[in-house]
2 protein chains.
Amino acid sequence: MSLRELKYAVLAFLVLAAAVCRAEVVSPEVHKDRRVTFRLHAPGAERVGVKVQFAPDVQPMAKDGDGLWSVTLGPAEPDIHEYSFIVDGLEIPDPVNPVVKVWRRRSKSLVEVPGDRPMFFEVQDVPHGAIHIHKYRSRSLGVTRGLYIYTPPGYGAEAKVKYPVMFLLHGSGDTEDTWAVVGRANVILDNLISQQKAAPMVIVMPYGHTPAGSVVGLDRRNTSSFERDLIDDVIPYVERNYSVSSDRRHRAIVGLSMGGGQSLSVGLGNLDSFAWIGAFSAAAPREAALKKLLGDPNVVNESVELLWVGCGRKDFLFDANMRFIDELRARKIKHVAHITGGAHEWRLWRRYLNEFAPLLFTTDE
Amino acid sequence: MSLRELKYAVLAFLVLAAAVCRAEVVSPEVHKDRRVTFRLHAPGAERVGVKVQFAPDVQPMAKDGDGLWSVTLGPAEPDIHEYSFIVDGLEIPDPVNPVVKVWRRRSKSLVEVPGDRPMFFEVQDVPHGAIHIHKYRSRSLGVTRGLYIYTPPGYGAEAKVKYPVMFLLHGSGDTEDTWAVVGRANVILDNLISQQKAAPMVIVMPYGHTPAGSVVGLDRRNTSSFERDLIDDVIPYVERNYSVSSDRRHRAIVGLSMGGGQSLSVGLGNLDSFAWIGAFSAAAPREAALKKLLGDPNVVNESVELLWVGCGRKDFLFDANMRFIDELRARKIKHVAHITGGAHEWRLWRRYLNEFAPLLFTTDE
C-alpha cells in the first residue's frame, strides 16, 4: 500500500465512521411481531415521550447512559401510523426518519407496519403507474400552481384510449402532493387495477388552497375560487396534456375534509361536468349552500351515478356529516352513507379511497 | 340565525381557532432586507439555538414570556440555505416549516432567500417542464426502485423529436427525489431553457444506493451494481417510455459526491454510452480504478466531449479532487477543472448544475 493509498484509506475510514456514528440511531424499528421501537438521541432532555396513533396518549420513553431514549410499543395493526416525539413539551417529527408528512402546519413522521400478507397500501410486485408533477399557470387565480397527476399502468401504450378521470382533493392541512406521498393513492390504484377491482383511470390531484382563502381554506371564497381554477384551468390543462375522457360520465370528484366539502360543492354545483361524487370526512356544505346544491332532487338523481359519503364515528365532523346525510334522505336523493369506525385521519382516507375507487365508471361496462 | 346555523358557526369558529392557534408560529420569516427570523415554541427548553448556513456556529435564540424562542439573523445571500434548531443539545428540523430536506440520515429545514432579481433557482413565470415519478423493476438488482424524470417545456409537442439525456446522480445521503426537491434541477433547467442557455433535454434521476452497497454507498460493490442497474435496467426503461436519443453524443452523466464518483466510474467506464461527463465535489475514483478508467488517454480524449470536475476549496473532498485533476493533467486528458469557493453543500451543487447544463450537447449545433 503506497502512502497515497494509505491516505485515501484513512480518509475513507473517517467518512465512513462519521456516517455510521450519525446513522447509529435507528428509528422507527418495526419488528416482525409488529411491535415498533422508537428511539431519540437527546442527552439534554428531561422528559421524552412518543405520541403514535396505535397507542393511547403520550407513551413515556426511557433514557440509557448515552442519552438515547427509547420505547417499544405494540403490536400495531398493519397500517401507516403517524407519530411524533414530545421532548420537554416540544412536539417534533423524528429527526432520523425520512418519511415525513410535511403538513402545512406541523410535520409528523410516519411508520409503516406491514401485514402478514401485503396490505392494500403496500408497494407490491405488480405493474406500476406513474406520478407526474406539473406547474401550470392558473389564469383564474393569476398564479402558478402545482398539480400531481397519476397515470395507470399501460397508460400511453394504446394511443386512442381515453381514460376516465378522478379528481382527488386534499384536506386543509395538505398540499397537492399529500394524496400521493401520504395517501399512497398511486399505490392503492396500482394494486386495485392489477386485481381488476378498479378501472384503469387517471387521477388529478390539484392544490386546494387559493389566494382568496383563509389559512384553513374553509370559507366560501376559497371554495368558489378553487371551483373556477378547477373548471377553467385545471381541466383544460389536463385535457391538453393527457388522453382523458371529457364526458361527465367518465369524471369523478372526491376529497377529504376541506376537499370533501369542495367535492360536494363543486361536484353537485357542476353536474354537467361530474357524475361520480365522493366525500371523505367532509366539511359538508351548510344549509344555505345545500338549498342551492340539492334544490331539485330529480335533477340530482338523474345526473349523479354515485354520491358516496364516508365518515368515521370518532370524527369531529361526524355530526355535521350525519346532518348532511339526513338532508339527502329528507330530499330523497340517492346516496351511499358509509359510516365506519375511525377519526379524522389518513388511515381512514386510504381505506375509503380503496373502497370508493372500485365503484367508479362501472355503469357502461 | 337558527339553532342549527348557530351550532355550525360555533363549530367553524372552534376549528378555525384551533387551526390559528397551531399556526401562530411563523418560521422562518424572510424579510424584505433578506434578514430571516427563526421561531420555535418550546416553553420547556433551557437553551435553544439555530444552526443556519448563512451564519457562523450555533446562533443563540431568546425566549419570551410565552416560551417562544426567536432570533433574527442576516441579511443572507440570496440562496436556499439549510438550517436546524438545537434544543438542549438535540438537533431538529423546524417543526412548522414544511420545506424539509429529508436526508437519509437526518432531516434539515430549508429557507429560500430570494434575490432582488429572480435567482436561477427561483420558480419564474416561464414555460415549465414536468417531473415524472416511476417505479421500475430492476432485473439486475432484483428489486423495484424509484426513478425521477424531468421532461422540458414542450416535450411531446412534436412526436419525432429525440431529446438528449442527462443522467443526474445524487449523494450518499440522498435519494432519487433529492435533485428535484432540494436541488431544484427542474426549476434550474426551466430557467436555462427559457433563456436559450441550455438545450431542451430530459433529465433522468435514478436511485444510487443498491442492496450490495454499504450504508454510505461509497464502496466498489455499490458502484458496480449501480452501473449494471443504470446500463441494463434504467436506460432501457427510459428509452421504452420516453422520446430520447440513444446516441452516446446525446447522453451526459453527472453527479455529486458519491454520485460524482459514480458518474466518473460509470461514464469513463462506458464510453460507448456517454460522451459528456461531470463530477461535482466527487468521491473521485482511487488509483487502482484510475488506471483502468484512464489507461488509454487517447481513447478518452477521442471519446469524451466534456470532462468537467467541480469542487469547492472548503470541501472535505477538495484534496482528493485536486489529486484526481493532477492525474488527468499527468495523463494529458482534456478536462475542465472548475475550482470555486464553497464546501460540500447543496448551495454549490445547484450552482454547478446551472453552470454545467449549458455546456452540454453543443458540438453538433
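The legends below describe close-up views of a predicted model.

Local features need pLDDT of at least 70 and side-chain atom pairs count only at pLDDT 80 or more, while totals for chains, interfaces and linings use all residues. Residues are numbered from 1 along each chain as its sequence is written, and chains are lettered from A in the order in which they are written.

**View 1. Helices α3 and α9 of chain B.** The axes of α3(B), residues 185-194, and α9(B), residues 346-356, come within 10 Å and cross at roughly 35°, with the axes being lines fitted to C-alpha atoms over the stretch in contact and the angles running from 0 to 180 degrees between N-to-C directions. Helices are DSSP runs of H or I with at least four residues, and strands are runs of E with at least two, numbered from the N terminus. Ala185(B), Ile188(B) and Leu192(B) of α3(B) meet Arg350(B), Leu353(B) and Asn354(B) of α9(B), where contact requires C-beta atoms, placed from the backbone, within 7 Å.

View 2. Eight of the 11 residues of α9(B) are buried, that is, 20 or more other C-beta atoms lie within 10 Å of their own, C-beta atoms being placed from the backbone. Among these buried residues are Trp346(B), Trp349(B) and Phe356(B), and the elements that cover the buried residues include α3, β15 (251-256), β16 (276-280) and β17 (306-312) of chain B.

**View 3. Contacts of Ile203(B).** Not counting residues up to four places away in sequence, Ile203(B) touches Ile149(B), Tyr150(B), Met166(B), Leu168(B), Ala185(B) and Leu189(B).

Notes. Two residues are in contact if their C-beta atoms, placed from the backbone, lie within 7 Å. A residue is buried if 20 or more other C-beta atoms lie within 10 Å of its own, exposed if 12 or fewer, and partly exposed in between; C-beta atoms are placed from the backbone.
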